Amino acid sequence: MKSFFGSSCCGDHSYEELLRVIMEEAMSSHSGEELCFRLERDRLSDGLGLRLADLRDPEAWEVMSVETGFIKEWNLDDDHVDEIMVGDFIRNVNGMECCEDMERAMASDLVLEMMIWRPHSNNVISI
């Protein structure tokens with residue numbers, strides 16, 4: 001049995017490079033879906049509660065965790081079908097597509113229109 005742990009299978013590539021390739025292949029094969037969300041908060045002091053990692057090519061924010069904050073409360077609301085989840089990629093916020101501009105919009109705008117790409121998962125395992 002061949003094991004890839006500790007081998008150079010992925011060792012020559014950064015996480016960001018591997019993720020970019022996976023995203024490009026999944027997006028070109030339509031192995032995911034684009035979702036649009038409109039979020040309205042009352043105060044800027046209501047933190048979003050998202051832990052994000054930036055991706056540079058293509059530009060996006062990967063949702064690493066949904067923590068206590070506006071998004072978690074919004075996800076619990078029954079007025080919508082989908083929710084923002086770990087593994088989603090935020091591709092656009094209020095028309096902004098570069099990470100710095102999306103970050104600025106998320107920090108300063110009360111109304112957020114977000115375009116999110118969600119990859120479809122083919123395999124789920126517990127080991």
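**View 1. Five strands make up an open sheet in the order β1-β5-β4-β3-β2, with antiparallel pairing.** Strands here are DSSP runs of E with at least two residues, and helices are runs of H or I with at least four, numbered from the N terminus. Two strands pair if DSSP finds at least two bridges between them. Look at the edges: β1 (32–40) and β2 (50–56) each have a single partner strand, so one side of each has no neighbour in the sheet. On average, neighbouring strands are turned by 35° against each other, direction ignored, going by lines fitted to C-alpha atoms, with angles that run from 0 to 180 degrees between N-to-C directions. This is a predicted model, so local features need pLDDT of at least 70 and side-chain atom pairs pLDDT 80 or more, while totals for chains, interfaces and linings use all residues. Residues count from 1 along each chain as its sequence is written, and side-chain values use heavy atoms, leaving out hydrogens and water.

**View 2. Strands β3 (residues 59–66) and β4 (residues 89–93) run antiparallel, joined by 2 bridges.** Zoom in on W61, and you'll find its bridge partner in β4 is I90.

**View 3. F37 and W74 meet edge-to-face.** Rings of Phe, Tyr and Trp (its six-membered ring) pair if their centres lie within 6.5 Å; planes under 30 degrees apart are stacked, over 60 edge-to-face, and the rest tilted. By this rule there are 2 aromatic pairs. The ring centres of F37 and W74 sit 5.4 Å apart with planes at 80°, so this pair is edge-to-face. F37 belongs to strand β1 and W74 to helix α2 (residues 70–76), 37 residues apart. F37 is buried at 7% relative accessibility, and W74 is buried at 13%. Buried means under 20% relative accessible area, exposed over 50%, and partly exposed in between (1.4 Å probe, protein chains only).

**View 4. F89 and W117 form a tilted aromatic pair.** Their centres are 6.0 Å apart, with 40° between the planes. F89 lies in strand β4 and W117 in strand β5 (residues 111–119), 28 residues apart. F89 is buried at 4%, and W117 is buried at 5%.
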